[in-house]
Structures are given as structure tokens and as C-alpha cells.
Amino acid sequence: AATPDSCTSTCPSSIAANNTTVTLTATVGANATFAGWGTPSNGSCTGNTCSIPMNNSAQSVSVRFKANQTITVTTPAPANAAYDSTFSVAASASSGLDVAITVGGVCMITDGGTNSATVKMTSGMGICTVYYNQAGNDDYNAATEVTSNTTATKANQTITVTTDAPGTATYKSMFPVVATASSLLPVAITT
């Protein structure tokens with residue numbers, strides 16, 4: 001008979017008893033979960049136990065397990081990022097399946113979203129949360145979601161004087177002075 005240590009993808013076993021019922025129990029290893037029984041040719045399967053009557057003919061049953069997987073962030077989001085700046089993130093799954101990257105809060109994805117993404121900060125205040133997910137498939141369970149937070153900060157700006165005050169001016173004369181900010185916000189000019 002097959003033992004848990006000898007089973008890989010197929011566990012053949014010969015039982016010579018007729019008119020008996022053989023009960024099979026699926027035992028799950030540490031890095032997998034029980035995913036269900038295939039349809040036996042003649043028998044009853046519930047939970048992780050399957051009972052098959054032996055009636056002078058070969059009987060078969062299959063069992064499915066799903067392996068666990070983890071997500072590793074290979075390019076993490078920064079702790080802080082300024083308004084209107086961008087940063088890259090990337091992740092991989094131990095299964096080799098694609099990782100879906102999404103965001104929430106004061107940011108948006110401008111490029112990518114599968115295994116890697118470029119994230120743009122849309123505010124100078126608040127939190128941008130990056131979510132990394134892998135939903136699993138027939139062979140792998142869904143991975144535990146991984147998240148990271150980036151705190152938004154105000155962007156720096158510079159002021160450029162485009163029209164200077166003259167070097168000298170007569171008493172009570174008027175002259176224009178013009179300045180612009182790199183943020184395109186209004187510049188207050190005082191004397």
C-alpha cells in the first residue's frame with residue numbers, strides 16, 4: 001500500500017480483498033491545503049476521507065492539494081513621497097504566478113500593475129497604500145495580501161523673478177515687478 005511519504009502526484013496501491021470497503025484519508029503537509037477529491041469510480045468522499053467498496057474490479061480515486069505561496073516585495077515603496085512625484089514598486093510570488101499591484105489613497109498607478117508599477121502621488125497630504133495580491137489558481141492557494149504605506153509630503157517649489165525692480169528709481173515712480181512659482185501658485189510681492 002502507498003504511504004504518505006511515498007505519494008507524489010499518483011499513489012497506486014493494490015488491495016486483494018473483495019467485498020470490503022477501503023477508506024482513504026488525505027493528509028495535508030505544512031505548505032499545502034486539501035483541495036478536494038476527484039470523482040471515484042464507485043464510492044463516497046466527504047471532507048478529507050473517501051470510502052471505496054472493492055468489488056472484484058479496479059477502483060480509482062484522485063485527490064487534489066493546493067500549495068501555499070507567498071509574495072515578496074522586490075522594489076518597495078518609499079516611506080515618504082512628494083506631491084506629483086512618482087516611484088516604482090515591484091513584487092514576485094513564490095509560485096511564479098503574476099502579482100497584481102493596486103493602490104488606494106492619495107496616489108494612482110500611471111504604468112504597469114502586474115509584477116511592477118509606477119505610482120504617482122496625487123496630493124501633498126495623506127497616505128498612499130500599495131496592495132500586492134496573488135489570487136492563486138488550480139495548483140496554488142491565494143497568497144496573503146502584502147501592503148505598504150507611503151506618506152505624502154508637500155512638493156518643494158522655487159520662485160523666479162522674471163521682471164526685476166530697477167537698480168535705481170526716482171521718488172514716487174512706479175515700475176513693474178513680476179515673479180512666478182514653479183508650482184504655478186500665485187506669488188505674493190510685497191515691499
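The points below go through the predicted model, from its overall make-up to individual residues.

1. Overall make-up. The model is a predicted one, and in it the protein has 15 strands and 0 helices. Of its 191 residues, 20% count as buried. The protein exposes about 12400 Å², of which carbon and sulfur atoms supply 52%. When contacts between residues at least 6 apart in sequence are considered, 54% of them join residues that are at least 24 apart.

2. The sheet of β1, β4 and β3. Three strands make up an open sheet in the order β1-β4-β3, and their pairing is antiparallel. The edges are formed by β1 (20–25) and β3 (44–46), each of which pairs on one side only. On average, neighbouring strands of this sheet are turned by 15° against each other, with direction ignored.

3. The pairing of β1 with β4. Strand β4 covers residues 49–54 and runs antiparallel to β1, to which it is joined by 6 bridges.

4. The salt bridge. The structure holds 1 salt bridge, and it is formed by Asp84 and Lys120, whose closest N and O atoms are 3.2 Å apart. Because Asp84 lies in the loop between β7 and β8 while Lys120 belongs to strand β11, the pair ties together parts that are 36 residues apart in sequence. Both partners count as partly exposed: Asp84 has a relative accessible area of 43%, and Lys120 has a relative accessibility of 27%.

5. Backbone of Asn115. A positive phi of about 70° is also found at Asn115, although this residue is not a glycine. Asn115 sits in the loop between β10 (107–114) and β11, and with a relative accessible area of 26% it is partly exposed.

6. Surroundings of Met125. Met125 is placed in the loop between β11 (116–121) and β12 (127–133). With a relative accessible area of 60%, Met125 is exposed, as this value is over the 50% cut-off. Even so, if its neighbours within four places in sequence are left aside, Met125 is in contact with Val106 and Ala152. The C-alpha atoms of Met125 and Lys154 are 6.9 Å apart in space, whereas the two residues are 29 residues apart in sequence.

7. A nonpolar surface patch. Val161, Phe175, Val177 and Ile189 form a nonpolar patch on the surface, and together they have about 320 Å² of accessible area. One of these residues, Ile189, is found in the segment after β15 (178–181). Ile189 is partly exposed, with a relative accessible area of 46%, so it passes the cut-off of over 30% that is used for membership of a patch.

How values were computed. Residues numbered from 1 in each chain as written. Predicted model: local features only at pLDDT ≥ 70, side-chain atom pairs only at ≥ 80, totals over all residues. Heavy atoms only, no water. Patch = residues over 30% accessible without salt bridge, like charges linked within 9 Å, V, L, I, M, F, W, Y side chains within 5 Å. Areas by Shrake-Rupley, 256 points an atom, 1.4 Å probe, with all protein chains shown as cover. Salt bridge = Lys/Arg side-chain N within 4 Å of Asp/Glu carboxyl O. Helix = DSSP H or I, 4+ residues; strand = E, 2+ residues; numbered from the N terminus. Buried < 20%, exposed > 50% of the residue type's maximum accessible area, 1.4 Å probe, protein only. Pairing = 2+ DSSP bridges. Axes fitted to C-alpha atoms, helices over the stretch in contact; angles between N-to-C directions. Contact = heavy atoms within 4.5 Å.
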